[in-house]
Amino acid sequence: QLQLVESGGGLVQPGGSLRLSCAASGFTLDYYGIGWFRQAPGKEREEISCISSSGAMTKYADSVKGRFTISRDNAKNTVYLQMNSLKPEDTAVYHCAANSNGGSFGYMARCFRDMIYDLWGQGTQVTVSS
């Protein structure tokens with residue numbers, strides 16, 4: 001069974017850090033582009049970041065640029081989202097998603113469009129509060 005499993009969420013104070021992981025099972029992530037999205041209660045899903053299959057190309061939403069870093073370790077079949085300087089408005093359920101054409105320039109141009117993703121994880125809750 002093909003799965004993406006997110007982990008690493010939790011409760012953190014404003015200004016704190018968390019590192020989310022997105023682990024694949026049942027398939028290898030080597031050729032997949034990965035996007036991170038989040039959804040807060042009562043709000044639409046929001047794109048956060050994406051990374052190409054090799055890790056050479058990354059993209060960030062303005063809301064997280066300079067605070068979040070996406071990376072991947074294909075040997076571990078895992079993609080990470082390092083989140084620093086967290087704010088209360090970062091509170092949401094965070095999801096990762098996989099696209100099978102992650103080595104293409106076309107992927108990076110479209111990676112913030114959730115409809116291009118083939119597989120989604122169940123999400124991990126991040127709560128930023130004092």
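Which hand does the link of C22 and C96 have, right or left, about the S-S bond? Select both residues in this predicted model and look along the bond. The turn about S-S is 75 degrees, and the link is right-handed.

Stay on C22 and C96 for the geometry. Their sulfur atoms are joined as a disulfide, with an S to S distance of 2.1 Å. Next, show the secondary structure around the pair: C22 lies in strand β3, residues 18-25, and C96 lies in strand β9, residues 92-99. The two cysteines are 74 residues apart, and the pair links distant parts of the chain.

C22 has 0% relative accessibility, so C22 counts as buried. C96 is also buried, because its relative accessibility is 0%.

Move on to C50 and C111. These two form a disulfide with sulfur atoms 1.9 Å apart.

C50 is buried, because its relative accessible area is 0%. C111 has a relative accessible area of 0%, so C111 is buried as well.

Finally, select the cysteines of both links together. The structure holds 2 disulfides. With bonded cysteines counted along the chain, the pattern is 1-3, 2-4.

Notes:
Residues numbered from 1 in each chain as written. Predicted model: local features only at pLDDT ≥ 70, side-chain atom pairs only at ≥ 80, totals over all residues. Heavy atoms only, no water. Disulfide = S-S within 2.5 Å. Helix = DSSP H or I, 4+ residues; strand = E, 2+ residues; numbered from the N terminus. Buried < 20%, exposed > 50% of the residue type's maximum accessible area, 1.4 Å probe, protein only.
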